[in-house]
Amino acid sequence: MPPLELSLRLGQSDDARAIGVLVRRVARRWILPDQPHDAGVAMLERMSAKVVRERIAMGCRFHLAWLGGTLVGVAAMRDDSHLIQLFVGTRYQGRGIARRLWLRTMRDAVRRASTRCFTLNASRCAVPVYRRFGFVATGPERLSPNGVLSTPMQLLLDASTVTGF
């Protein structure tokens, strides 16, 4: 049997449950160990299917990576400029899925809004991944207003960078 091909598509409200399950599973494994307990509980709440549905309704764009019928990755962008989620299932990491999701999400924002400046708040384990994507830290690791420990990061695109994608 040939290996399954990765397919990418825009998420819809009906995908909220699958998104919530994946991102909460990955967050429990990779992000929560570095977080204050109360902040971690609140973070998981913000990843629920209900909140995902609300974010989709408010215009956040969720890009999904599927292998067959299995959701393996999620990237979500707010206001065509702030990456709020980029998660790949643990067993699927190291296959370039995060990079493909990021490029798709970034291109979508560039096409829709001519975005040239992207921001995000990276968990400790994600900082190296975002650096490989070209992001730079804009400040030290710190507690966000909602109590999550993260590093603010930014990516500035110039015209030649955009055409290279």
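A salt bridge is a side-chain nitrogen of Lys or Arg within 4 Å of a carboxyl oxygen of Asp or Glu. This is a predicted model: local features need pLDDT of at least 70, side-chain atom pairs count only at pLDDT 80 or more, and totals for chains, interfaces and linings use all residues. Residues are numbered from 1 along each chain as its sequence is written, and side-chain values use heavy atoms, with hydrogens and water left out.

**Exercise 1. Helix H4**

Solution: 
- Helices (H or I, at least four residues) and strands (E, at least two) are DSSP runs, numbered from the N terminus.
- Buried means under 20% relative accessible area, exposed over 50%, and partly exposed in between (1.4 Å probe, protein chains only). Buried residues of H4 include Ile97, Leu101, Trp102, Met106 and Val110.

**Exercise 2. From H4 to a loop**

Task: Which parts of the chain does the pair Asp80 and Arg112 tie together?

Solution: 
- The side chains of Asp80 and Arg112 form a salt bridge of 3.1 Å, N to O.
- Asp80 lies in the loop between S3 and S4 and Arg112 in helix H4, so the pair ties together parts that are 32 residues apart in sequence.
- Asp80 is buried, with a relative accessible area of 13%. Arg112 is partly exposed, at 40%.

**Exercise 3. Positive phi**

Task: Describe the phi angles of Asp80 and Ser114.

Solution: 
- Most residues other than glycine have a negative phi.
- Asp80 has a positive phi of about 50 degrees although it is not a glycine.
- Ser114 also has a positive phi, near 55 degrees. Ser114 lies in the loop between H4 and S5.

**Exercise 4. The core**

Task: How many residues does the largest nonpolar core have, and which have the most contacts inside it?

Solution: 
- A nonpolar core is a set of buried Ala, Val, Leu, Ile, Met, Phe, Trp, Tyr and Cys residues joined through side-chain atoms within 4.5 Å.
- The largest has 29 residues; Leu86, Ile97, Trp102, Phe118, Tyr130 and Phe135 have the most contacts inside it.
- H4 gives the most to this core, with 8 residues.
- Contact means heavy atoms within 4.5 Å. Leaving aside neighbours within four places in sequence, Phe135 is in contact with residues including Trp102, Phe118 and Tyr130.

**Exercise 5. A network**

Task: Trace the salt bridge of Glu141.

Solution: 
- Glu141 pairs with Arg124, the closest N and O atoms being 2.7 Å apart.
- Glu141 sits in the loop between strand S6 (136–137) and strand S7 (142–143), and Arg124 in the loop between S5 and H5, 17 residues apart.
- Salt bridges that share partners join Asp34, Arg124 and Glu141 into one network.
- The whole structure holds 7 salt bridges.
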